[in-house]
Amino acid sequence: ARDLGGPYVFRMNLNQQSNGPTWDTHKALMQTTSPIVDCGVHYVDVMCQITDSDPIRVSGMGLRLSNEIAPKMYNYGQLQVWVADGSIGWYEAGWGPMMSTTAVFVKDVISPTGAVSIIDQQQTSDDVGGHTKVGSILVHRSSGDRLIEMTNEPSHQELCDTEQAFMINAIAQDLDLTRHLHDAVQSLGVCLAADESIRSGRPVELGVTQ
């Protein structure tokens with residue numbers, strides 16, 4: 001995506017049609033946080049990594065689609081974010097047995113010169129392991145398309161093991177994680193602001209971080 005050059009349009013979602021034990025897990029999570037915050041931090045982080053620019057404004061909308069969750073909680077949400085470099089993006093997330101399985105896994109980055117998309121036709125909305133796998137990447141330019149097959153991807157547990165090993169090494173080697181911390185706090189801040197926007201009905205202006 002960076003090779004294409006910005007500004008970018010980000011189109012991203014992860015909707016999960018959850019039932020049984022998975023729906024029970026989602027309901028437990030929604031006692032304290034919404035899908036747009038729980039999942040959105042990862043996708044806003046990707047947007048910020050690609051643009052390497054600060055988000056400046058966010059708006060959100062959400063809806064409670066089940067009486068099995070708290071009255072002030074919502075199990076479907078969408079955020080829209082504006083970035084200082086001119087890029088814009090949206091992310092949506094929904095949990096529950098009522099969610100559609102159409103377009104559950106949209107991952108598009110569009111620029112003036114083309115687009116980059118994750119195309120995993122095997123993705124299912126309730127497949128937690130599949131949420132961390134790419135499958136194939138389609139790079140589209142006016143000169144033609146190129147398909148990149150992502151082989152030997154780690155499983156969900158292998159990815160967790162790799163992250164744990166990195167953290168242990170960071171502690172042992174006293175690595176500088178300042179940028180990692182900045183990115184994590186920034187993406188969380190955007191999603192919390194989106195949650196505020198959903199509850200207030202107004203966009204939220206974001207302070208530019210240094």
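How many positive and how many negative side chains does the chain have, and how far apart do the centres of the two sets lie? The chain has 13 positive and 25 negative side chains, with the centres of the two sets 7 Å apart; Lys and Arg count as positive and Asp and Glu as negative, while His and the chain ends are not counted, and the place of a charge is taken as NZ of Lys, CZ of Arg, CG of Asp or CD of Glu. This is a predicted model, in which local features need pLDDT of at least 70 and side-chain atom pairs count only at pLDDT 80 or more, whereas totals for chains, interfaces and linings use all residues. Residues are numbered from 1 along each chain as its sequence is written, and side-chain values use heavy atoms, with hydrogens and water left out.

**Overall fold and dimensions**

- The secondary structure comes to five helices and nine strands, where helices (H or I, at least four residues) and strands (E, at least two) are DSSP runs numbered from the N terminus.
- Along the sequence, these elements follow the pattern β-α-α-α-β-β-β-β-β-β-β-α-α-β.
- The radius of gyration of the chain is 18 Å, close to the 17 Å that the globule rule gives for 210 residues, so the chain is as compact as a globular protein of that length; this radius is taken over C-alpha atoms, and the rule is 2.2 Å times the number of residues to the power 0.38.
- The C-alpha trace spans about 50 × 45 × 40 Å along its principal axes.

**Burial, contacts and surface**

- Of the 210 residues in the chain, 42% are buried, a term that means under 20% relative accessible area, with exposed meaning over 50% and partly exposed in between (1.4 Å probe, protein chains only).
- Among contacts in the chain with a separation of 6 or more, 66% are between residues 24 or more positions apart, a contact being heavy atoms within 4.5 Å.
- The chain exposes about 11,600 Å², and carbon and sulfur atoms supply 55% of this area, which comes from the Shrake-Rupley method with a 1.4 Å probe; for residues, only the protein chains shown count as cover.

- Helix H4 (residues 156-173) has 18 residues and reaches 26 Å from its first C-alpha to its last, close to the 26 Å expected at 1.5 Å a residue; the expected span is 1.5 Å times one less than the number of residues.
- H4 is followed by Asp 174, whose phi is positive, near 55°.
- Asn 152, in the loop between strand S8 (144-149) and H4, has a positive phi of about 55° although it is not a glycine, and Asn 152 counts as exposed at 80% relative accessibility.

**Other loops and the chain's end segments**

- Pro 7 has its place in the segment before strand S1 (9-16), and the peptide bond from Gly 6 to Pro 7 is cis, with omega near 0°.
- Ala 70 lies in the loop between strand S2 (55-63) and strand S3 (76-83) and is partly exposed, with a relative accessible area of 39%.
- The C-alpha atoms of Ala 70 and Cys 39 are separated by 19 Å, the two residues being 31 residues apart along the chain.
- Ala 103, found in the loop between strand S4 (88-95) and strand S5 (107-111), has a positive phi near 55° and is partly exposed, at 44% relative accessible area.
- Gly 207 lies in the segment after strand S9 (204-205) and counts as exposed at 61% relative accessibility.
- Although Gly 207 and Pro 55 are 152 residues apart along the chain, their C-alpha atoms are separated by 8.5 Å.
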